[in-house]
Amino acid sequence: MIIIIQNGAQLIVKALSNQGVKVLWTLCGDNDLIYNYCHDQSCAETGIDIIDFRHEQATGHAAMGYYLATGKVGVCSVQSGPGITDLFPSIPIAWDASIPIVSICTSTPMMNFEKLAANEIDVVPSFRPVTKWAGYCYETARLPEYVNMAFRIASTGRPGPVLLLVPFDVMVKECDDELAIVQQAFKPVKKLRAFHGPYGNEKMVTQAVDLLLKAERPIIMAGTGTNFSGASKELVEFAELAQIPVGMWGYGLGVIHPDHPLYFGLASPLDGPGTSMLHKADVILILGARITEMMNFGYMPCFNDDAKLIQVDIKAEEIGRNRAIDVPIVADVKGALTQMIKIAKTKINSLRSESPWVKNVQAEVKKFYDRLEKDGSNDKVPIHPQRLVKEIGDFMPEDGFIILDGGDTTVWGLTGLKPYFPKSLYFSGSFGIQHLGGGVPIAIATKYSHPEKKVLVLTGDGSFLFNGKEIDTARRHDLPFVVVISNDRLWGMVARSQKVAHGRKFFGVGSSLSDETRYDKYAEAFNCYGELVVDPNEIRPALKRAFDSGLPAIIDVRTNPKINTVMDYMAKEAYNPKTWKREVKKKAEEVVEVITVKK
Ligand SMILES: Cc1ncc(C[n+]2csc(CCOP(=O)(O)OP(=O)(O)O)c2C)c(N)n1
Ligand SMILES: [Mg+2]
């Protein structure tokens, strides 16, 4: 009998390959032993690409971006101690956004634990609150089993990040891979974890359908779970059957085409049809979205206090958080929608016609896009941010990808850009934790996954420099995309909120950036393409030149620092002690009033 001896790193790569991993988002250190086997056919038959970054934080963002772009678990790897503490900033966003990522990192050798060994930092306690699992594998022969466990935990139920630490001695130790414990871990991946979520309770689903069909002003809020469960087709089918407008939330963007007559845009009171219509709905079907502060914890001006709520979520604990739910359904969104379609078909005898409510929604959607068109045609210098957004929207093809990053820049992009398909428009956060700086690494993973498509990052100037240096990574790995910086020379959302909340003289205190900074020249320093744009009519030609350059490119667009978004007005409320009292209705009226003033 041939006994093959393999070290821990080989077993890790073999297990990753068995899980279907094709790329490692990484920065080197004592994890480099893993790299050696990524192209070794005995470990990874088709090979695993190594995309190496300039800061560990970016590896986590890229792993997130890879999931968004492909639906496959992203894998990052960084070295022990400081490598992992540098990785940390990206992990809570994946946690908040329910994005499965597996981080396989090294640690001090076990035999040196607690001896002040080089790079010894006990990272597990700080990762535990923001991961589904974080811990060590102490035994070389069990590494494949632990890799499988990491994928199983990250990708099933409500997805999220996992941190697997491999002590250096466990990684270099050799073991006989004919051992049963090793062999058992290499079953086909379909047998190692579940790929389908559960259906909902039949009684609850029937109740939900009855409620929705009887409603006068129903709305569907299609959240992250709708997108991640791949339920776009079922969603549209059910919405058409029952004639219910569909609003989107979080990473639910793109689950319904913007030209569809039931398209509602963002299901948020931020701006758009949501501002005037969402709180008028009498029955709301929440699909895979958590009820967060961004929804005003489930009350006005998001949902009417008298509205009936149906919540579908894969995680039972989520249902009923912050607001009582009339019909709770624990299920995978795709599964629940499949059931709803079946039940609705038994109850609807003839095609339902468009209700006055649907017509009302359509009129509001049109009104909103007419307003955007008007703001977007503004010719003034400095450039109106809405003009920039409109130029991007008009330039990008429907099959392109846009990633948003920044404060007000993200708000402009979310309200003004149309998502044409699931995961075509996403951002560095999920309506929960809005972490600045993920844009460029997410774009790297997107371009890697869709090399033939146009990828664009629209970012604030402040946010860009968190990870802007990763254009070096994009250049080295020949992954060209265009970064458009809305350069208002400010940490704008903060600066403008300071003015709205506290008065003109506080505008930009501690939140100003330099007029002299030239991001186009920064691009050139990395051997990439750069342009400065001050004239709105130059945006479109600059975009064309940037994409045609075939290089990672930065367009530094000088935008007007004085234009507020609704978020700047809402920030005022955060300082208003009244809002901390339990006067939900009163607060709602104030917020609605602020939005009216803005218009
Ligand atoms: C990592 C991180 N640091 C700080 C903040 C707080 N913050 C929210 S918006 C914002 C300003 C962003 O400025 P910029 O990227 O230039 O976008 P703009 O608002 O100017 O469009 C800041 C600092 C945050 N959300 N995330
Ligand atoms: Mg800015």
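Predicted model: local features only at pLDDT ≥ 70, side-chain atom pairs only at ≥ 80, totals over all residues.

Residues are numbered from 1 along each chain as its sequence is written, while chains are lettered from A and ligands numbered from 1 in the order in which they are written.

Domain bounds come from an automatic or database domain assignment.

| Domain | Residues |
|---|---|
| domain 1 | 5-191 |
| domain 2 | 202-364 |
| domain 3 | 376-580 |

Between the C-alpha centres of domain 1 and domain 3 there are 32 Å. In domain 1, 22 residues are in contact (C-beta atoms, placed from the backbone, within 7 Å) with 22 residues of domain 3. On the domain 1 side, H3 (56-70) is one of the elements that supply at least two residues, and with ten residues H3 has the largest share. Helices here are DSSP runs of H or I with at least four residues, strands runs of E with at least two, numbered from the N terminus.

Ile51 belongs to strand S3 (residues 49-52). Ile51 is buried, because 23 other C-beta atoms lie within 10 Å and the cut-off for buried is 20 or more, with C-beta atoms placed from the backbone. Beyond its neighbours within four places in sequence, Ile51 has contacts that include Trp25, Ala62 and Tyr448. The C-alpha atoms of Ile51 and Trp25 are 5.2 Å apart.

Around ligand 1 there are 19 residues (C-beta atom, placed from the backbone, within 6 Å), and among those that come nearest are Gly407 and Ser463. Helices H18 (408-416), H20 (461-467) and H22 (492-502) each give two or more residues to this shell.

Methods
Contact = placed C-beta atoms within 7 Å. Buried ≥ 20, exposed ≤ 12 C-beta atoms within 10 Å, placed from the backbone.
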